[in-house]
Amino acid sequence: MTVALIDSGFGLLSTTGWLRHLAPELDLLLLLDPDGAPWGSRTASFVTDRLFTAAQLAVQRGAEAIVVPCNTATVTAIDALRERFEPRVPVIGTVPAVKSAVATGQGIAVWATVRTTSSDYQDRLIADYANGMPVARVACPGLAEAIDHGDMAAATEAITDAAERTPKNCDSVVLGCTHYPLVAPEILQSLPTGTSLYDSAEAVARQTLRRLDRTTESHSTMGSIDVVLSGRRGNLPTGAHAYPVGRALAAAGRVPREILLSAVTRSPMAAPAI
């Protein structure tokens, strides 16, 4: 069984890692778009076109599920993608884990790309799940791009800027871009002691397995990991090796749980897109 994951860059690494940990027998097809990255600063029509092109290729390659581990692509085009491919091929999206953060009863901030921060989709998500609790919306320009380039100096600068704009009473920070968990330790260092981070990667992986009716684990075989870069066969870009989960995926073995359980609180209750 083949599962395709689509993102412009390294935002798909965490969800891929969880799928590889939970169901290593699956064949995984990773579709990155280095020619069009970053999607977070692109127009809605551009993101939609790139997403549909990758999804069509995934189906042609035999994908039995399409995962969009990208908040920007989800808020931009997930409904259209589902209309095109479901019910034949399940489509699983990703949204910020606001629901899980709200359950802690603390002040909340959502860090995300500029496009996601300004989206109606995120506004609706907050309205539906925040129960009237104030939620600070913190755009993080340049952070996803720095992570894709493995540029830790630029990432640190973007993190510091976002932290300075995060209200001090926000004890819970939702990572509203799937790139951000890769630098979770650096984000925590920039925030007050005791701050909790929330991410949806594990929840999205488990939702994918539910949609495929794969509720029991089978580790008798090890599936393949194939990479497509803007439509071309390739390998994980060298920059992915800067992150533990990237190195584990490049090795094509099972991803250990300890690599995935970093400083981020990943709750299976953190609902992906419905």
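1. Val173 belongs to strand S7, residues 172-175 (helices, H or I of at least four residues, and strands, E of at least two, are DSSP runs numbered from the N terminus). Leaving aside residues up to four places away in sequence, Val173 touches Ala109, Trp111, Leu191, Thr195, Ser196, Leu197 and Tyr198 (contact means heavy atoms within 4.5 Å). With Ser196, 23 residues apart along the chain, the C-alpha separation is 6.2 Å.

2. A word on the basis of all this: the model is predicted, local features need pLDDT of at least 70, side-chain atom pairs count only at pLDDT 80 or more, and totals for chains, interfaces and linings use all residues. Residues are numbered from 1 along each chain as its sequence is written, and side-chain values use heavy atoms, with hydrogens and water left out.

3. Helix H2 is worth a look. Val47, Leu51, Ala54, Ala55, Ala58 and Val59 are buried in H2. Viewed down the axis, these buried residues fall within an arc of 140°, so they line one face of the helix (the arc is that of the directions from the helix axis to the C-beta atoms). Asp49, Thr53 and Gln60 are exposed on the other side of H2. The cover over the buried residues includes strands S1 (2-6), S2 (27-32) and S3 (65-67), together with helix H3 (71-85). Just after H2, Gly62 has a positive phi of about 95°.

4. H8 has 13 residues, 152-164, and reaches 18 Å from first C-alpha to last, close to the 18 Å expected at 1.5 Å a residue. Ala155, Ala158, Ile159, Ala162 and Ala163 are its buried residues. They fall within an arc of 135° seen down the axis of H8, so they line one face of the helix. Ala153, Glu157 and Glu164 are exposed on the other side. Among the elements that cover the buried residues of H8 are strands S5 (108-112) and S6 (135-139) and helices H7 (143-149) and H9 (184-190).

5. Please check two cis peptide bonds. One runs from Ala37 to Pro38, with omega near 0°, and Pro38 sits in the loop between S2 and H2. Another runs from Glu86 to Pro87, with omega near 5°; Pro87 is in the loop between H3 and strand S4 (91-92).

6. Asp213 has phi near 60°, lies in the loop between helix H10 (201-211) and strand S9 (225-229), and is exposed with a relative accessible area of 68%. Ala252 has a positive phi of about 65° and is placed in the loop between helix H11 (244-250) and helix H12 (257-260). Ala252 counts as partly exposed, at 39% relative accessibility.

Technical notes. Buried < 20%, exposed > 50% of the residue type's maximum accessible area, 1.4 Å probe, protein only. Expected span 1.5 Å × (residues − 1).
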